[in-house]
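Please read it beside the sequence and the model.

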Amino acid sequence: MSLDKPAQAGTLESSDIMVTVAPVPPGSGIAIELESNVLAQYGDAIRRVITETLVAYGVADAAVRAVDRGALDCTIRARVAAALARAGAARQGGCGR
Amino acid sequence: MTIRRSMLFIPGNNPGMLQNGGVFCADAVILDLEDAVAPLEKDAARLLVAAALASVDYGGSEKVVRINPLDTAMAADDIRAIVPCGPDALLLPKVQGAKDVEAAAALVAAAERPGQKPVKLMALIETPRGLAEAYAVAAADERLTALAFGAEDYTAGLGAIRTKEGTEILAARSLLVNAAAAAGVDAIDTPFTDTNDEEGLTRDTTLAKQLGFRGKLCINPRQVDAVHAVFDPSAAEIGWAERVVRAIRRAEEQGSGVVAVDGKMVDAPIVSRAERILQLAALLGLREEAGR
Amino acid sequence: MINAIGREIPAHVEGYGKVTPFAGAFATEPDMPRRAPAVKWARPGAAKLATGLEEVFRAIPVRDGMTLSFHHHFRNGDGVVNLVLATAAKLGLKDLKVAASSIFPVHAPLVEHFKAGVVTALDTNYMSGPVAEAVSRGALAKPVILRTHGGRARAIECGQLKIDVAFIAAPSADEYGNVNGIAGPTACGSLGYAYPDAEYADKVVAVTDNLAAYPLTPVSIPQTRVDYVVKVDKIGDPKGIVSGTTRITKDPVQLKIADTAAKVVQASGLLKNGFSFQTGAGGASLAVAHFVRQMMVAGGITGSFALGGITGYLVAMLEEGLFEKIIDVQGFDLEAVRSLAANPNHVEVGAGFYANPFNSGCVVNMLDCVILGATEIDTAFNVNVVTGSDGMIMGGSGGHSDAAAGAKLTVVVANLLRGRLPIIMDKVLTATTPGETVDVLVTERGVAVNPRRGDLKEKLAAAGLPLKEIGELKRLAEAIAGVPQPVKLGDRTVALVEYRDGTVIDAVRQVVR
C-alpha cells in the first residue's frame with residue numbers, strides 16, 4: 001500500500017512517540033529518522049517495531065520521522081498505525097487480532 | 001458477582017496513563033475514548049486503547065472502554081475496533097433509552113470474534129430523558145450489567161445548580177438506584193469532582209452507599225482508596241450479616257418460620273442483603289468464611 | 001582491583017593516591033588522628049572587612065595548586081563559586097582544586113575554568129548540569145572525587161581533604177565574621193555543610209551581600225574561625241536558593257508509591273512514639289511524609305525528630321506536635337528558614353554531626369527510618385544515584401549512603417519504569433549506596449524486601465503488602481518495557497565514588513559517544 005500524503009500521530013508527552021510518515025517514490029524502501037531519550041538502550045528495538053508495523057500494513061516505501069519519549073512497543077505500533085491511516089495507507093486496524 | 005466499588009477513568013490518548021492504569025487497584029478501569037479525547041484525536045486514541053487492551057496487564061481490574069455517543073458515527077467505529085480486543089465491557093455515554101442499548105448490543109454482537117467472552121454493556125445516564133428511561137435501559141439487553149450516573153451533564157440538562165452537597169441530584173440518584181435494582185444490575189454513582197477534597201469524597205461516597213449504589217466512578221487515581229474504604233463492608237456490617245445468616249440456619253434446622261436478629265424481624269430481602277455483604281467481604285479478603 | 005561488592009576500581013589514582021577498596025559498610029575502621037589546622041590569631045583592632053575578593057586573594061595569598069572550598073546551601077541560586085573562580089581566573093591562578101559540597105547547573109562557568117587550567121581538580125558530593133556533563137566526557141585529567149555528605153566531613157576532619165581557603169556564602173555576616181543563614185536576601189536557613197570547612201580550613205572567607213551590625217546572633221559560623229569578610233553586591237539568586245513552598249507531587253503513580261512506602265513504615269513497627277524520620281524533598285519522597293503524617297495524626301503518635309534536608313512539610317509536622325525536634329543540615333524552602341529562625345526546637349547542625357561515620361556518633365545512627373530515591377537499583381539492592389542510565393553523571397550520594405547506613409529502616413522509593421527504563425538491573429551502572437544498607441524497595445507494582453531482612457519481610461507480609469522478589473520485579477519491568485541494551489562506556493575513569501568511610505565503592509567511566 002502507498003501513502004497519499006504526509007501525516008503525523010502521537011505527542012511529545014512522556015511515554016508517547018510522535019510519528020510522521022511521508023510518501024517516497026516506489027522502490028525507495030523504508031527510511032527511519034529516530035530521536036529518543038532512550039536511544040542507547042532501545043534505539044534498535046524502536047526501529048524494529050516501526051518497520052514491523054509498516055510491513056504489517058503492507059507499506060514498503062515510506063520516510064518516517066519519530067521523536068520518542070520512552071513509548072512502549074504497543075504505543076509505537078498504535079502511533080505508526082494512526083499516522084499511516086491518516087496518510088491514507090492503512091485500514092482501520094485494532095489490536096492485531 | 002463482579003465487584004465494582006471503584007471505576008477509574010483513564011484518558012484514552014495518554015500512553016503514560018494507559019500503561020499505568022492497572023497499578024491503582026481500582027475494581028474497574030474505564031479507558032476513555034469520549035470526553036478525555038479531543039475530536040481530532042479520536043482515531044489515534046482508538047488505536048492506542050485497542051493496543052493497550054491487547055498488551056497492558058490491568059491486573060484484577062475489570063477492563064471497560066467508554067466509547068463515543070451512539071448518535072455519532074464514531075460509536076460504530078469504536079465498537080468495531082475495540083470489541084475484538086477483548087474488553088470486559090463498554091460504557092455507553094449519554095444513553096437516552098432502550099434503543100441505544102439495543103443498537104450497541106447488535107453492533108457488539110457483530111464485532112465479537114468467535115468464542116470471545118461476551119462483552120458486557122454499561123449505560124451512563126446523564127440526561128433527564130435518560131433518567132426517565134432508566135429502568136427500560138437497565139432491562140433492555142442481557143449484556144447490560146450496570147447503570148452509572150453522570151451528574152454534571154444531568155444537572156446542566158435540568159438547569160439545576162450543582163453543589164458539593166448534591167441536594168439537587170438526590171432524587172435522580174434514588175431513581176437510578178431503583179431502576180438498577182429493579183432490573184438486577186449494579187448502580188454506580190457519579191464522580192466526585194473536587195479531587196483535592198478527600199473528606200468531601202468520603203462524605204459523598206458514604207451517601208452513595210447509603211442510597212444503594214454499589215460503587216462510584218473515579219476521575220483521579222487518588223480517589224480509589226477512599227472509595228474502597230467506604231464500600232468495603234465494615235466490621236459491624238459483617239457481624240450483623242453473620243448473625244442474620246446464623247439465625248436463618250438455626251430457624252431452618254428448627255423448622256421455625258419467624259426469625260429475629262437484634263430485635264428486628266428478618267425476611268428474604270434482608271437475608272439476601274446479608275448474604276451479599278458476606279460474599280463481598282469474602283471476595284475482598286475481609287472475612288475467611290463464605291466464598292465465591 | 002575488585003571491591004567487596006564486585007565493582008572494578010583502579011588501585012591508584014593520580015592526585016588521590018592509593019585506593020582503598022570498599023570492604024563493607026562498617027568493615028573499615030579509622031586509624032588516624034584528626035587533622036589540626038594551623039593556629040590563627042587576630043590582634044585587637046585588626047579589621048577583617050575587605051573591599052573585594054581580589055584584595056582577599058592577595059592578602060591570603062591564594063596560590064596555584066591550592067584547594068578552595070564551597071558549600072551548596074544556595075543550590076542553583078549560588079553566586080559565590082562563580083565570583084570566586086572568576087577572581088582566580090582574573091589573577092592568573094592555575095591548577096586549583098575546587099572542593100564544593102555540591103555543583104549545580106548555575107556553576108556552568110566552571111567548565112571554562114577547566115579548559116583554561118584554572119581549575120584542574122574537583123571534589124564534590126553531588127553534581128548536575130553542564131559541569132557534570134563535561135566531567136563525564138573527560139574534561140578533567142584527574143578523576144573527580146565524589147563523596148557523601150558525611151564522607152566529606154570525615155575527609156576534612158580526618159585530613160584526606162585539606163582545605164586551604166574556605167569561602168562561606170553568608171546570607172548575613174557582621175564585620176568580625178559571625179555568620180548565619182536566617183536573614184538577608186539570600187536567607188537559606190541552616191549552613192550545616194559549611195561547618196567542617198570553617199572549622200578545618202587554614203583560611204576562612206565570609207562572602208556576604210548583607211552586612212549586619214556586630215555582634216550578629218545567632219551565630220552559625222563563628223568569628224573565631226573567619227579571617228576575612230567581603231561585602232559584594234549579590235551572592236546569589238533567591239529564586240534558585242529556596243522555593244516558596246515545597247508541594248507534594250500530584251503524579252498519581254508517585255502518590256501510589258508513597259502511600260505504599262508509608263504502609264511499609266507502619267508495618268515495620270517503628271511508627272510509634274519516639275519515631276525518627278528522614279525524607280527527601282523530591283518526587284515520591286516528600287509524599288511519603290504526607291502519608292506518614294496522616295498515620296501519626298490518626299495514631300496519636302509523637303516522633304522524636306525529623307532529620308535532613310528540611311521542608312515546610314516537616315516544619316508543619318513539628319508545629320503540629322508530631323515531632324519534638326527538627327535537626328537541620330539544609331533547608332529547602334522559606335518555611336524551613338522561618339522555623340529555624342524562630343523555633344528553639346528546630347536545631348541547626350553541621351555535616352559532621354549529621355553524618356560523619358568517624359566521630360563518636362552522628363545523628364543518622366539515631367534514625368529509625370529514611371526514605372530515599374534511586375536512579376537504578378540492582379538485584380543485590382545496590383543503588384545508583386550518580387549516573388543516568390546513559391552513563392552521564394547527574395547526581396551524587398549527598399546524604400543517601402549516610403542515612404541508609406544509619407537508619408534502622410531504609411526504604412528506597414522508585415518508579416519501576418522511569419520513562420521506558422526499568423529501574424532494576426542485574427548490576428547498577430554506578431554503585432553509590434551498598435545493598436547491605438538498603439532494606440526495602442517500593443515501586444508502583446510491588447514491594448521487594450532485602451533477603452537480609454527476613455524479620456521485616458514477615459512483618460510486611462502480615463500487613464498484606466504486595467511483596468515480590470526483586471528479581472521478579474525486574475522481570476516484570478522487562479516484560480513491559482523490553483530488556484534495555486547495555487550502555488557502552490570508555491575505559492577512562494572520570495570520577496571515583498568514595499563511600500562514607502573513605503573506601504572506594506565504584507569508579508565512573510567516561511562517556512564516549
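1. Two salt bridges are found by the rule across the interface of chain A and chain B, a salt bridge being a side-chain nitrogen of Lys or Arg within 4 Å of a carboxyl oxygen of Asp or Glu. One of the pairs joined by a salt bridge is R86(A) with D43(B), whose closest N and O atoms are 2.7 Å apart.

2. This is a predicted model, in which local features need pLDDT of at least 70 and side-chain atom pairs count only at pLDDT 80 or more, while totals for chains, interfaces and linings use all residues. Residues are numbered from 1 along each chain as its sequence is written, chains are lettered from A and ligands numbered from 1 in the order in which they are written, and side-chain values use heavy atoms, with hydrogens and water left out.

3. Between chain A and chain B, about 1600 Å² is buried, with 58% of it on carbon and sulfur atoms; buried area is the accessible area (1.4 Å probe) that two parts lose on being put together, summed over both. To this contact (heavy atoms within 4.5 Å), chain A gives 16 residues and chain B gives 20 residues.

4. Chain C also touches chain B, with eleven residues of chain C in contact with eleven residues of chain B. The area buried between chain C and chain B is about 880 Å², and carbon and sulfur atoms give 51% of it. On the side of chain C, P252(C), K256(C) and R445(C) lose the most area to chain B, together 46% of what that side buries.

5. Chain C is divided into domain 1 (51–241) and domain 2 (252–491), with bounds that come from an automatic or database domain assignment. The C-alpha centres of domain 1 and domain 2 of chain C are separated by 29 Å. The contact takes 34 residues from domain 1 of chain C and 30 residues from domain 2 of chain C. These two domains of chain C bury about 2400 Å² between them, 60% of it on carbon and sulfur atoms. R75(C), S190(C) and Y193(C) supply 20% of the area that domain 1 of chain C buries against domain 2 of chain C, more than any other three residues. The count of salt bridges between domain 1 and domain 2 of chain C is zero.

6. Chain B is likewise divided, into domain 1 (6–231) and domain 2 (235–283). The C-alpha centres of domain 1 and domain 2 of chain B lie 33 Å apart.
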